[in-house]
Amino acid sequence: MKDTAQQIVDRDQKNYLPVFNRYNLVVERGEGPYVYSVDGDKYIDFLGGIAVNVLGHNYKPLVDAIAAQAARVIHISNLYYTQPQADAASKLVKLSGLDRAFFANSGAEANEGAIKIARKFAHSIAPDKSQIITAWDSFHGRTLATLTATGQPKYHKGFEPLPAGFDYVHYNDIEELERLMSDKTCAVMLETIQGEGGVYPPKDDYLKRVRELCDRYQALLILDEIQAGIGRSGKFFAYENYGVKPDIVTLAKGLAGGVPIGAFIVTEEVAQAFKPGDHGTTFGGNPLACAAANVVLDTVPEQKFLDHVVEIGNYFKGRLLDLQQKYPTLITEVRGKGLLLGAELSTDNKKTGVEIVADCMKRGAIINCTVGKVLRFVPPLIIEKTHVDEVIDVLDAVLAQSL
Ligand SMILES: *Cc1c(COP(=O)(O)O)cnc(C)c1O
C-alpha cells in the first residue's frame, strides 16, 4: 500500500532533522520541465531542483546512461581507474582551458577543496599568505570553511569559532577590494553571478579588474560556478561572458543532471600544490556520478544547446520586464543572464515573496524566492517559449492579487 501524501509529510516531519522549510508537495515523478505529485497534480518546474535538473526530468539519455553504468559498476573507490571518470575529467579540462579536475559530491565540498588547494599553494609562496576574500551576499556552502566563505552573517550565527583568514567585500565594488588586498592575499573567491544572494551579475569590467588585482598580488582567482555554470548563463562557463579566466573554478548542481557531484578544476601550477594524501574522497568521482556527468558534458556545451539557452533566456527576461511594466509598484528590478533570472519585489507588496511562491504553486508553477524578496528562476535549460508563457501567466494572475 502506498502512503498518502499526508502520511509521508507527517512521517518525514517527525523523523527528519528540522532544517528545511518545505512546501506541502510530495513529488512522485517528473517529465521534462514538469513534476507530478503523489496525488497526480501537475506542476511546471522553474526551480529545476535548484538549478540542478539542467536536462529536465526523466531525460532518456541520462536515465539510460545511469542504468547502464549501475549494471556495470556503481562504485569502486578512487584507488582504481574507471573510464567514466577519465572521460568526465578530460571533458572538463578541455572545456575550461584549465589543466586538472577533481570530483567531489556537492558544491560545498568542491569549494572546500578549492579553498584547501588555494591555501596550500599560497603557503608555498609565503607562510602568512592566508587571506581569502569573498563577497557579502555570496553563497558558497554549509561546511565550516564554506559557510565562513559565505558572506551572510545569518549562516555564521551559532557556529563560532569560525575558521580564520576570511574577509569580505561588497560584490562589484573594485575599490573596496583593492584597499583590502595585499601580498598576504591567498585568494579572491567569487560567484561569477551571485545566485542565492539575490541574482546579481558582475558589472562591466568588474571581474577583469579582479583578475588584474589577483595577478598583481599573486593571489588566486576562484570562481564559484556551482549555480551559474553548466550552460546556465548561455556559455558553458559563465566566466566566458566576461573575458576572464580563473585559476580555480568550482562546479556542482547541474554537472550530473541531478546525481550528486561536485568538481573543482585548476591550473597545472596550482595542481602541483597537492601531493598524494593532501586531499581525497571515498565517493567523489565514482563511475555512476561520472557516467551521468558525461551525458551533461556531451549535451550542454553543444553550440545549438547554448544558443537555445540564450534565446529562451532573452525571451523570458523580456516577458519578466513586461510584467514589471504592468506591475511597477510590485517589481522593482529584473536581473540576470541566460536562465539564471531574478525579479526583485518591492517592499510595499501586499504579499511577501514566500506567499507569492506559495500562490504560484497553488496555480501549478514551482518557482523560488531568495533572500526573502527576489523571485528566482533557474529552470531546466531545455524549456521552450510555451513553458515560459505558462509561468508568466501564473505570475501575472498571482501579482494581480498582490496589488
Ligand atoms: C548551491 C551552491 C553551493 C553549495 O552547493 P551544495 O551542493 O548545496 O553544497 C555553493 N555555491 C553556490 C554558488 C551555490 O549556488
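## Cysteines

There are zero disulfides in the structure. This is a predicted model. Cysteine 369 takes part in no disulfide. The nearest cysteine sulfur belongs to cysteine 360, and it is 10 Å away.

Cysteine 369 is buried, because its relative accessible area of 16% is under the 20% limit. Cysteine 290 is also buried, with a relative accessibility of 0%.

At lysine 253, a ligand oxygen is 2.6 Å from a side-chain N or O atom. At glutamine 227, a side-chain N or O atom lies 2.8 Å from an oxygen of the ligand. The protein buries 81% of the 380 Å² that the ligand exposes when taken alone.

## Helix H5

H5 has 17 residues. From first C-alpha to last, the helix reaches 24 Å. That is close to the 24 Å expected at 1.5 Å a residue.

Is H5 mostly covered or mostly uncovered? H5 is mostly covered, with twelve of its 17 residues buried. The buried set is Gly107, Ala108, Ala110, Asn111, Gly113, Ala114, Ile115, Ile117, Ala118, Arg119, Phe121 and Ala122.

The N-terminal end of H5 is capped by serine 106. A side-chain oxygen of this serine lies 3.1 Å from the backbone nitrogen of glutamate 109.

## Glutamine 227

Where does glutamine 227 sit? Glutamine 227 is in the loop that runs between strand E8 (220–224) and strand E9 (248–251). Glutamine 227 is buried because its relative accessibility, 5%, is under 20%.

The side chain of glutamine 227 has a protein partner as well as the ligand. A polar contact of 2.8 Å joins this side chain to that of arginine 376. An N or O atom of the glutamine 227 side chain is also 2.8 Å from a ligand oxygen. Leucine 330 stands 103 residues from glutamine 227 along the chain. Their C-alpha atoms are separated by 26 Å.

## Valine 270

Helix H10, residues 268–271, contains valine 270. This valine is buried, with a relative accessible area of 1%. Serine 182 is 88 residues from valine 270 in sequence. In space, the two are 19 Å apart, C-alpha to C-alpha.

Note on methods: Residues numbered from 1 in each chain as written. Predicted model: local features only at pLDDT ≥ 70, side-chain atom pairs only at ≥ 80, totals over all residues. Heavy atoms only, no water. Disulfide = S-S within 2.5 Å. Buried < 20%, exposed > 50% of the residue type's maximum accessible area, 1.4 Å probe, protein only. Polar contact = N/O pair within 3.5 Å; in protein donor to acceptor, adjacent residues only side chain to side chain. Areas by Shrake-Rupley, 256 points an atom, 1.4 Å probe, with all protein chains shown as cover. Helix = DSSP H or I, 4+ residues; strand = E, 2+ residues; numbered from the N terminus. Expected span 1.5 Å × (residues − 1).
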